[in-house]
Amino acid sequence: MAVDVLCEVSNCVHWANGNHCAADRIYVVSHTGKEAEHQEETDCKTFENQH
């Protein structure tokens with residue numbers, strides 16, 4: 001598993017100083033089913049708005 005997960009979405013409740021993700025787990029999905037060929041075909045479903 002990755003030791004250091006970076007995130008630039010500063011309004012997420014899991015965002016931490018230095019653009020680190022402090023979530024216990026990360027959930028990423030594909031727009032195209034179970035496989036993706038390009039980064040743009042995925043989304044991080046761990047995001048939660050701070051507000």
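Ala, Val, Leu, Ile, Met, Phe, Trp, Tyr, Cys and Pro count as nonpolar; Asp, Glu, Lys and Arg count as charged; the others, Gly among them, count as polar. By these classes, the largest pocket is lined by 10 nonpolar, two polar and one charged residues. Its space is about 180 Å³. Of its 13 lining residues, L6, C7, V9, C21 and C44 are the closest to the centre. A pocket here is an open set of points on a 1 Å grid over the protein atoms alone, where a 1.4 Å probe fits, with protein on both sides within 12 Å along at least five of seven lines; lining residues have an atom within 4 Å of a point. The volume is the space filled by probe spheres set on the points.

This is a predicted model: local features need pLDDT of at least 70, side-chain atom pairs count only at pLDDT 80 or more, and totals for chains, interfaces and linings use all residues. Residues are numbered from 1 along each chain as its sequence is written, and side-chain values use heavy atoms, with hydrogens and water left out. The chain averages a pLDDT (the predictor's confidence in each residue, from 0 to 100) of 89.

Now find T46, in the segment after β4; strands are DSSP runs of E, at least two residues, numbered from the N terminus. A polar atom of its side chain lies 2.6 Å from the backbone nitrogen of Y27.

H14 sits in the segment before β1. H14 is buried too, because its relative accessibility is 18%.

Note on methods: Helix = DSSP H or I, 4+ residues; strand = E, 2+ residues; numbered from the N terminus. Polar contact = N/O pair within 3.5 Å; in protein donor to acceptor, adjacent residues only side chain to side chain. Buried < 20%, exposed > 50% of the residue type's maximum accessible area, 1.4 Å probe, protein only.
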